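Here are my comments on the model you sent over. Have the coordinates open while you read.

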Protein chains: 2
Amino acid sequence: MSVDEKLKKIFAIKRENKKIKLIDQRLLPHKVKIITLHNYNETIEAIRDMAVRGAGSIGVAAGYGLAQAALEAKHLNLEKFNKFIKAASDKLLSSRPTAINLRHSIDRCLKVAENGTVTERIQNICNESDKIAFDDIKASRLIGVYGEQLLKENSNILTHCNAGALAYIDQGTALSPIIEAKRRHKPIFVYVDETRPRNQGAKITAWELSKLEIPYALIVDNAAGYFMINKKIDVVIVGADRIAVNGDTANKIGTYEKAVLAKENNIPFYVAAPSMSFDLKCESGERIEIEHRSSEEITHISGVNDSNEYTKLRITAKNTKAYNPSFDITPAKYISGFITEKGLLKKPFKKSIKNAFK
Amino acid sequence: MSVDEKLKKIFAIKRENKKIKLIDQRLLPHKVKIITLHNYNETIEAIRDMAVRGAGSIGVAAGYGLAQAALEAKHLNLEKFNKFIKAASDKLLSSRPTAINLRHSIDRCLKVAENGTVTERIQNICNESDKIAFDDIKASRLIGVYGEQLLKENSNILTHCNAGALAYIDQGTALSPIIEAKRRHKPIFVYVDETRPRNQGAKITAWELSKLEIPYALIVDNAAGYFMINKKIDVVIVGADRIAVNGDTANKIGTYEKAVLAKENNIPFYVAAPSMSFDLKCESGERIEIEHRSSEEITHISGVNDSNEYTKLRITAKNTKAYNPSFDITPAKYISGFITEKGLLKKPFKKSIKNAFK
């Protein structure tokens with residue numbers, strides 16, 4: 001099977017008229033269960049509970065969610081329709097606070113629904129939501145092509161969290177150069193950060209790489225520094241949830257740690273992200289809201305027991321107090337460049353980002 | 001209950017003639033089960049399987065293990081006794097490779113068994129093994145007294161892994177200044193790194209602190225950088241498994257990451273360790289053997305289910321490939337000082353370490 005045939009089996013999200021289908025990422029890698037979301041409220045729940053996750057996938061889900069809302073509101077008059085869409089947008093926007101893709105998707109869908117009849121607006125929202133997914137696929141492929149040029153033969157790449165097919169669309173962002181290298185038969189090796197607390201690296205990235213037959217090793221987040229100082233890692237590539245104009249980057253908690261370690265060890269640190277992840281209204285990382293999630297994400301964990309039953313365990317003492325920031329901000333100074341669909345953006349970032357996406 | 005009364009309930013290891021009793025640390029915090037080791041082979045198994053863990057506790061266990069071996073060999077003639085003790089020492093030494101305390105304990109016990117009758121040698125080994133534990137208690141208390149002076153009122157302290165009562169003896173090493181501050185009613189707060197893969201922070205440090213009623217929050221290893229850059233952490237204190245003469249320090253995997261992050265954020269980074277953790281024969285960190293443990297430590301995890309049954313889960317896909325170095329080396333340049341029973345050792349470390357322990 002070719003890389004592309006294998007890729008087809010790993011899809012984050014699809015829309016079929018009013019229905020959204022997605023792989024429930026909470027059950028991976030133990031079960032590949034496709035769930036159907038019948039209305040936009042179910043879609044909001046799926047985003048909030050992280051059945052669908054990853055900046056790009058959340059963005060596409062939000063657009064599709066608004067398409068669902070529009071289709072649900074087709075019997076309303078224009079005034080009530082607009083109110084309904086406004087309320088649905090607000091709810092979708094508040095489902096996850098950090099990834100900018102969500103806001104961009106909603107903005108794009110709302111913009112095409114400013115004029116016309118209810119029927120026309122519905123059609124425009126649906127078309128735009130599909131276009132968002134299509135644009136993401138294009139961006140993903142281009143990120144792969146540009147990023148692959150940064151990988152030497154036998155490169156050892158560290159990645160954090162999951163920025164692959166399930167986090168984005170198609171090839172993802174951080175994994176896209178890696179998949180492109182595989183397509184071109186360039187030998188590479190991937191170190192996969194486990195990415196506590198939700199273990200997206202262990203559960204999703206490792207699973208995706210093994211499905212794509214790309215050689216990898218899972219490591220705990222604590223071990224990345226060990227492999228860096230022992231010269232086992234040549235380059236770090238991560239995704240992003242939101243990038244400010246100055247290059248400060250919000251991404252999964254722990255990204256900042258890897259960036260500091262990479263700099264200390266003179267290892268290039270790249271952020272792979274499409275235009276949809278840049279927030280041109282955001283001057284710097286200080287302005288980015290960081291989501292804090294439940295402490296249960298740390299104190300409990302799910303997996304399968306000896307009988308292959310999906311189970312949840314408490315792994316700490318009862319009532320253990322935990323703080324759980326879900327993202328961190330990596331200051332731009334630690335970032336070597338942004339791999340985007342417009343090519344590699346270099347320093348000074350304020351200039352290169354504005355030039356690329358103006 | 002006073003701090004000292006609470007402390008008495010948390011003990012790593014005790015010897016009662018030929019029997020060793022210890023809290024099985026693998027079951028914490030879900031069960032406080034005291035197991036009895038009847039002979040030195042059982043003690044080796046307990047060290048290898050990490051029923052007892054932590055540099056100091058391993059050292060004491062090894063001394064006690066040799067005392068068991070000596071008592072087991074009491075019917076042998078001198079020549080056979082010596083052979084038996086030599087074989088037992090070698091097996092004990094190979095049970096865990098990184099912590100130097102183990103070697104120091106064995107060396108001390110062998111040294112006092114160089115002369116005399118079999119009966120005298122047995123008595124000397126037993127006495128020396130008890131003295132090791134007693135010396136560790138003294139060192140632990142002094143580390144507490146010296147280290148507490150480094151903590152300001154309302155200090156926020158980050159610690160990694162477990163270097164408390166169960167890792168060492170009495171108050172431990174890294175936790176000793178914290179316990180001393182509690183004893184003196186100085187308000188402090190502890191951030192506890194979860195410490196994957198074995199979660200000694202989540203399972204043992206958090207449990208010890210909650211038993212001692214010291215305020216803390218558990219965080220994932222990925223989040224320490226977030227709290228550092230957001231100025232929530234004033235000082236980092238960790239333990240050590242082996243310290244070279246130049247100050248390079250082997251400790252639980254992830255320590256190096258925290259040290260680099262602390263330096264980047266101008267946060268003092270202290271290593272709390274007794275003389276027993278210094279390896280004066282070791283010139284630098286490059287000479288320290290790093291233990292690599294089974295990938296199952298990463299791919300599987302234990303905890304309790306809803307019915308409070310102790311269970312093990314697989315948390316990755318089957319056959320996930322993982323690398324699992326258990327320790328890393330923190331180069332001396334990242335370390336602000338060593339909190340020892342001889343006081344705070346400052347730079348240049350080669351001089352201060354040699355002066356303190358010559």
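1. Conventions. This is a predicted model, where local features need pLDDT of at least 70 and side-chain atom pairs count only at pLDDT 80 or more, while totals for chains, interfaces and linings use all residues. Residues are numbered from 1 along each chain as its sequence is written, chains are lettered from A and ligands numbered from 1 in the order in which they are written, and side-chain values use heavy atoms, with hydrogens and water left out.

2. Interface area. Chain B and chain A bury about 4,900 Å² between them, and carbon and sulfur atoms give 62% of that. Buried area here is the accessible area (1.4 Å probe) that two parts lose on being put together, summed over both. On the chain B side, Asn222(B), Tyr226(B) and Glu257(B) lose the most area to chain A, together 15% of what that side buries. The contact (heavy atoms within 4.5 Å) takes 63 residues from chain B and 63 residues from chain A.

3. The rule finds four salt bridges between chain B and chain A, a salt bridge being a side-chain nitrogen of Lys or Arg within 4 Å of a carboxyl oxygen of Asp or Glu. Glu257(A) forms a salt bridge with Lys258(B), with the closest N and O atoms 3.3 Å apart.

4. What chain B brings. Which elements give two or more residues to the side of chain B that touches chain A? They are β5 (188–193), α8 (200–211), β6 (216–219), α9 (224–229), α10 (255–264), β12 (300–304), β13 (310–314) and β14 (327–330) of chain B. The most comes from α10(B), with six residues. Helices (H or I, at least four residues) and strands (E, at least two) are DSSP runs, numbered from the N terminus. By class, this side has 34 nonpolar, 17 polar and 12 charged residues; Ala, Val, Leu, Ile, Met, Phe, Trp, Tyr, Cys and Pro count as nonpolar, Asp, Glu, Lys and Arg as charged, and the others, Gly among them, as polar.

5. Salt bridges within chain A. Over all chains the structure holds 52 salt bridges. One of them joins Glu213(A) to Lys6(A), with the closest N and O atoms 3.5 Å apart. That pair links distant parts of the chain, 207 residues apart: Glu213(A) is in the loop between α8 (200–211) and β6 (216–219) of chain A, and Lys6(A) is in helix α1 (residues 3–8) of chain A. Lys6(A) counts as buried because its relative accessibility is 10%; buried means under 20% relative accessible area, exposed over 50%, partly exposed in between (1.4 Å probe, protein chains only).

6. Two pairs on α6 of chain A. Asp130(A) and Arg15(A) meet in a salt bridge through their side chains (2.9 Å, N to O). Asp130(A) lies in helix α6 (residues 118–148) of chain A and Arg15(A) in strand β1 (residues 13–16) of chain A, so the pair ties together parts 115 residues apart in sequence. Asp130(A) is partly exposed at 32%, whereas Arg15(A) is buried at 19%. The side chains of Glu128(A) and Arg108(A) also meet in a salt bridge (2.9 Å, N to O).

7. A buried arginine. Where does Arg121(B) lie? Its place is helix α6 (residues 118–148) of chain B. Arg121(B) is buried yet has no salt bridge, and the nearest side chain of opposite charge, Glu120(B), is 6.7 Å away. (Lys and Arg count as positive and Asp and Glu as negative; His and the chain ends are not counted.) The side chain of Arg121(B) does make a polar contact with that of Asn82(B), at 3.2 Å.

8. Two loop residues. Ile169(B), in the loop between β4 (155–159) and α7 (176–183) of chain B, is buried with a relative accessible area of 7%. Pro348(A), in the loop between β16 (343–345) and α12 (349–357) of chain A, counts as exposed at 55% relative accessibility.

How values were computed. Polar contact = N/O pair within 3.5 Å; in protein donor to acceptor, adjacent residues only side chain to side chain.
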